[in-house]
Amino acid sequence: MSESGLERLSRMWEEHMRAPFPPHMRGREIEGEDMVLLDSYTAGGVVSSLSGPLDGKRREILLGCLAAIEKVLPSIDDDGASEYYKHLRDMAALAVELGNANAR
């Protein structure tokens, strides 16, 4: 049996919750983005999508977070932090994708 998108997102969220936030990213801005806030806003959108379809405002916030993550990833010079934010990006992309499927 294959995993549904929501099950996959839930699993990814559990993995994210077990991953420590990269300590050297606290208080750091990259490309004008506060890395803690980027994590927080993205996580909020993912949690919202696990509870049900995203409303327009949350969807727009999550899309903005996706764009910001894509912007900062090339400038993250630590493999651990890079992997952390790639995972965050992948969760956000799946949450938006699931929201788009629910809107149809």
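## P53, an exposed loop residue

P53 counts as exposed, at 64% relative accessibility (exposed means over 50% relative accessible area, buried under 20%, partly exposed in between, with a 1.4 Å probe and protein chains only). P53 sits in the loop between α2 and α3 (56–72); helices are DSSP runs of H or I with at least four residues, strands are E runs of at least two, and both are numbered from the N terminus. Although P53 and G99 are 46 residues apart in sequence, their C-alpha atoms are 5.5 Å apart in space.

## How the model was made

This is a predicted model, where local features need pLDDT of at least 70, side-chain atom pairs count only at pLDDT 80 or more, and totals for chains, interfaces and linings use all residues. Residues are numbered from 1 along each chain as its sequence is written, and side-chain values use heavy atoms, leaving out hydrogens and water.

The average pLDDT of the chain is 92, and 93% of the residues score at least 70 (pLDDT is the predictor's confidence in each residue, from 0 to 100).

## The nonpolar core

The largest nonpolar core has 29 residues, and those touching the most other members are L9, M25, M35, L38, I76, Y85 and M91 (a core is a set of buried Ala, Val, Leu, Ile, Met, Phe, Trp, Tyr and Cys residues joined through side-chain atoms within 4.5 Å). Two or more residues each come from α1 (5–18), α2, α3 and α4, and α4 gives the most, with ten.
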